[in-house]
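Trainee: I would like to learn how to read a few features from a model. Could we go through them one at a time?

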Amino acid sequence: YVDKDLSAGDVIDDEDPYKIKQKYIGDDTIEEVVIPEGVTNINSYAFAGLTALKKVTLPKSLVNIASNAFIGCVNLKEINLENVKFINERAFSECALESVDLSSIAAIGNYAFEKNSITKLELPASAQSLGIGAFSNNTELFSVSMKASKIKIGSRAFEGCANLTAINVNATVISSFAFYKCNNLTNVTLGKDVAVIGEYAFAGT
């Protein structure tokens with residue numbers, strides 16, 4: 001923002017750029033986004049609220065997706081995440097993702113994938129932490145498998161995943177309410193590295 005110079009004939013309007021209400025660009029028009037090779041980070045709210053967005057192609061160079069980057073992209077069903085290491089808070093909250101390849105993931109932030117349509121989840125050995133409510137209310141999710149032995153599962157990570165029937169978890173910590181209200185959970189396999197199971201971790205199942 002550059003101050004107006006009245007003496008030079010600059011025109012002043014009534015709107016200060018710092019006070020104008022922010023509006024997402026292309027919210028009902030952009031259907032596909034392709035990020036070029038070389039990009040390593042997608043910043044906060046970069047593509048938030050793009051309601052027509054259906055597909056995103058990420059480069060192999062991308063490592064980090066910041067908080068709220070794709071929040072509210074209610075029609076986003078396809079994105080390649082196999083090279084991404086860090087997915088931050090609410091990055092994909094309230095999208096329509098049905099499958100995710102997280103084969104390089106190290107950390108997933110709070111509510112990162114809440115309210116999606118993911119059906120099956122596999123977390124690799126590289127995974128270290130799963131935030132609060134990370135996959136909560138994925139009502140289509142039926143299977144969860146975690147290969148990481150040192151991962152910490154945050155509270156309410158899978159709360160409300162009503163169709164979840166089987167989990168295979170070898171986590172150091174399973175926090176409180178982690179699988180709360182997973183009413184159809186019938187098969188639970190816990191590995192030898194589980195050290196802490198929090199209060200109400202499996203309540204309502």
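Trainee: Which residues form a nonpolar patch on the surface?

Mentor: This is a predicted model. In it, Val-188, Leu-190 and Ile-197 make up a nonpolar surface patch, and together they have about 230 Å² of accessible area.

Trainee: Where is Val-188 placed, and is Val-188 buried, partly exposed or exposed?

Mentor: Val-188 lies in strand E14. Val-188 has 38% relative accessibility, so it counts as partly exposed.

Trainee: And Ser-175, is that residue buried or exposed?

Mentor: Buried means under 20% relative accessible area. Ser-175 has 13%, so it is buried. Ser-175 sits in the loop between strand E13 (173–174) and strand E14 (187–190).

Trainee: Which residues is Ser-175 in contact with, leaving aside neighbours within four places in sequence?

Mentor: Ser-175 contacts Lys-152, Ile-153, Gly-154 and Ser-155, as well as Gly-198 and Ala-201.

Trainee: Now the sheet. In what order do strands E1, E3 and E5 come?

Mentor: Strands of a sheet pair through backbone hydrogen bonds, in either a parallel or an antiparallel way. Here 3 strands form an open sheet with parallel pairing, in the order E1-E3-E5. Strand E1 (32–34) and strand E5 (78–79) are at the edges; each has a single partner strand, so one side of each has no neighbour in the sheet.

Trainee: How many bridges join E3 and E5?

Mentor: Strand E3 (residues 55–57) pairs with E5 in the parallel sense over 2 bridges. Opposite Lys-55 stands Glu-78 in E5.

Terms used
Residues are numbered from 1 along each chain as its sequence is written. This is a predicted model: local features need pLDDT of at least 70, side-chain atom pairs count only at pLDDT 80 or more; totals for chains, interfaces and linings use all residues. Side-chain values use heavy atoms; hydrogens and water are left out. Helices (H or I, at least four residues) and strands (E, at least two) are DSSP runs, numbered from the N terminus. Buried means under 20% relative accessible area, exposed over 50%, partly exposed in between (1.4 Å probe, protein chains only). Contact means heavy atoms within 4.5 Å. Patches are made of residues with over 30% relative accessible area and no salt bridge: like charges are joined within 9 Å, nonpolar side chains (Val, Leu, Ile, Met, Phe, Trp, Tyr) within 5 Å. Accessible areas come from the Shrake-Rupley method with a 1.4 Å probe; for residues, only the protein chains shown count as cover. A salt bridge is a side-chain nitrogen of Lys or Arg within 4 Å of a carboxyl oxygen of Asp or Glu. Two strands pair if DSSP finds at least two bridges between them.
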